Amino acid sequence: MNEVWAEAGGATPYAVGACERLDHEMTLLGRLLPLCTLLGVCLTNSSGRAESLRPPRDRPHILVVIADDLGWGDLACYGSDRIRTPRLDALAAGGVRWTQFYAASSICTPTRCSILTGRYPQRFGLGQHLPLVTERGLPDDTVTLPRLLRAAGYRTAHVGKWHLGRENLAELGFDHALITRYPWAELGGQDSFLHRDGVDYTFRNGRKVAPSSRFLAEYYADEAIALLEEACWREEPLFLNLWFYAPHTPYNLAPEPYRRDYQGEAEDTDLKYRSMVTCLDASIGRVVDRLEALGMLDNTLILFASDNGPSEEGSAGPYLGGKSDLHEGGIRVPMIAHWPARIAPGRVTEAVGHTNDLLATCCAAAGLPLPGDVAFDGIDLLPHLVEEEPVGERALFWSLPRQKRYPRPGRRPMPHATQVIRRGRWKLSAYRSRALRLIDLQADPGESQSRLRKETETRKALLAELRGWLQPLRQASEQK
């Protein structure tokens with residue numbers, strides 16, 4: 001196989017930078033591989049042994065795809081009649097769509113910590129938004145999903161937004177990293193052009209990438225496709241974190257054809273937002289198409305979610321609140337699980353899931369037991385996804401310092417809670433460990449009526465459980 005790369009100008013695509021593509025034209029690999037795959041061609045190594053292009057069948061490829069500030073109600077498959085999202089709708093139809101899936105927070109950093117570690121972000125002191133440039137972040141020795149999968153033989157890669165503080169991605173288990181370092185304030189904040197010009201601030205393994213006119217979501221999809229092609233040639237399983245910036249502010253008009261369908265029915269900021277979500281949808285669709293062309297889709301686990309509820313232009317569907325708020329609209333997010341080899345299509349589940357669960361679920365899919373010396377907070381959702389086994393009742397917790405800014409139209413829903421516990425049908429909101437509201441989510445998903453005074457025993461039990469969860473976190477914070 002190395003002989004083929006030598007003919008293309010290098011030993012391996014990433015070792016010598018052969019994947020660097022001006023304006024992202026297809027590489028030699030990208031041009032040849034689909035034809036080889038379709039013809040069932042095998043390569044021959046120096047010993048004369050045939051090498052199949054197909055990846056190993058015992059371990060799936062794993063893609064964790066995260067949108068930024070995408071609301072529960074922003075996808076057509078979640079009821080939106082405003083935004084066209086045919087590719088994510090198809091992904092949902094081919095797998096399992098969750099209606100009660102939760103992000104670890106209603107802001108960015110904590111949820112991303114939860115995904116990587118399978119633990120509540122408060123355990124790492126990351127319960128709050130981190131500045132884009134900071135020395136804080138996850139310790140180098142943190143047990144993370146990429147570190148576990150790399151030890152099991154996976155190639156591990158991160159593409160897109162990071163927002164977890166210092167960029168110690170190699171120490172945290174990533175073999176390959178493409179991230180965008182965006183000087184938000186320097187370039188005008190909300191009036192800047194992150195999605196249009198973001199490639200100018202993008203780095204691959206610490207080196208600035210070549211200039212490109214690609215919209216940022218499209219560029220991330222290009223990088224993901226190159227990594228998938230490489231994994232197919234290497235015949236090794238790939239774990240890929242594909243974390244888009246879209247549709248986070250600043251809203252930039254996506255290129256054609258993503259805004260064409262909205263002409264005449266949307267304008268200004270509304271048009272920008274809709275075009276960005278449709279571009280995000282199409283970019284994910286391109287990645288799925290490439291998986292299929294490479295013969296990899298059947299044995300690839302794709303987990304798609306958002307990091308928190310919607311910001312200014314997004315929709316939380318029927319739920320109250322949004323980004324930076326602990327009402328359902330801020331923490332309940334879309335989630336789709338797709339794995340044709342093992343997950344039956346066409347299911348909608350009302351089971352309760354959480355971003356803490358993604359680590360255990362991915363490890364289970366890879367056949368990898370979790371280390372016994374780490375107190376993970378998430379559970380393995382694979383039995384529910386594959387065998388439709390019920391997800392047992394458990395308590396889920398949130399803690400978020402009071403947020404000064406509420407990036408949604410209108411007034412912030414009251415009361416402004418800083419802690420939440422959900423167990424079963426009940427959700428208790430609190431401020432500094434004092435109960436504010438008790439909601440029966442089964443009867444009142446819109447959180448319109450508090451039952452705090454009527455359900456006194458439930459209130460007491462949940463408040464005690466919430467305080468019990470908070471106490472060791474406070475003690476750990478005081479010791480730091």
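Predicted model: local features only at pLDDT ≥ 70, side-chain atom pairs only at ≥ 80, totals over all residues.
**Stop 1: the largest pocket**

Now colour the lining by residue class. Eight of the lining residues are nonpolar, nine are polar and four are charged.

**Stop 2: the largest cavity**

The model has two cavities of 30 Å³ or more. The largest cavity holds about 70 Å³ of space.

**Stop 3**

Glu447 sits in the loop between strand 16 and helix 12. Check its backbone: phi is positive, about 55°, although Glu447 is not a glycine. Is Glu447 buried or exposed? Glu447 counts as buried because its relative accessible area is 3%, under the 20% cut-off.

Now select Arg432. It lies in the loop between strand 15 (426-431) and strand 16 (434-440). Phi of Arg432 is positive too, near 50°, and this residue is not a glycine either. Arg432 counts as exposed because its relative accessibility is 61%, over the 50% cut-off.

**Stop 4: two cis peptide bonds**

Move to the loop between strand 9 (238-243) and helix 8 (268-293), where Pro250 lies. Show the backbone from Thr249 to Pro250. That peptide bond is cis, with omega near 5°. Then step along to Pro257, which also lies in the loop between strand 9 and helix 8. The peptide bond from Glu256 to Pro257 is cis, with omega near 10°.

**Stop 5: aromatic pairs**

Select Tyr120 and Trp469, a pair that is edge-to-face. Their ring centres are 5.1 Å apart, with 70° between the planes. Where in the chain do Tyr120 and Trp469 lie? Tyr120 is in the loop between helix 4 (108-117) and helix 5 (145-151), while Trp469 is in helix 12 (residues 456-479). The pair links distant parts of the chain, 349 residues apart. Tyr120 is buried, with a relative accessible area of 4%. Trp469 is buried too, at 11% relative accessibility.

Next, select Trp162 and Phe174. This aromatic pair is edge-to-face as well: 6.3 Å centre to centre, with 85° between the planes. Trp162 and Phe174 both lie in the loop between strand 5 (155-160) and strand 6 (176-180), twelve residues apart. Both residues are buried. Ring pairs link Trp162, Phe174, Phe239 and Trp243 into a cluster.

**Stop 6: arginines over rings**

Select Arg181 and Phe203. The charged end of Arg181 sits over the ring of Phe203, 4.0 Å from the ring centre. Then select Arg196 and Phe193. Here Arg196 lies over the face of Phe193, at 3.9 Å from the ring centre.

**Stop 7**

Find His176 in strand 6. His176 counts as buried because its relative accessibility is 0%, under the 20% cut-off. Which side chains does His176 contact? One partner is Asn205: a polar contact of 3.3 Å joins the two side chains. Another is Glu223, whose side chain makes a polar contact of 2.9 Å with the side chain of His176.

**Stop 8: Ser212**

End at Ser212, in the loop between strand 8 (207-208) and helix 7 (216-234). Ser212 is buried, at 12% relative accessibility. Show the backbone of Arg214 beside it. The backbone nitrogen of Arg214 lies 3.1 Å from a polar atom of the Ser212 side chain.

Definitions and conventions:
Residues numbered from 1 in each chain as written. Heavy atoms only, no water. Phe/Tyr/Trp six-rings, centres within 6.5 Å; stacked < 30°, edge-to-face > 60°. Helix = DSSP H or I, 4+ residues; strand = E, 2+ residues; numbered from the N terminus. Buried < 20%, exposed > 50% of the residue type's maximum accessible area, 1.4 Å probe, protein only. Lys NZ or Arg CZ within 6 Å of the ring centre and 35° of its normal. 1 Å grid on protein atoms, 1.4 Å probe; cavity = no way out; pocket = protein on both sides within 12 Å on 5 of 7 lines; lining within 4 Å. Points joined across faces, edges and corners; volume = space filled by probe spheres on them. Polar contact = N/O pair within 3.5 Å; in protein donor to acceptor, adjacent residues only side chain to side chain. Nonpolar A, V, L, I, M, F, W, Y, C, P; charged D, E, K, R; others polar.
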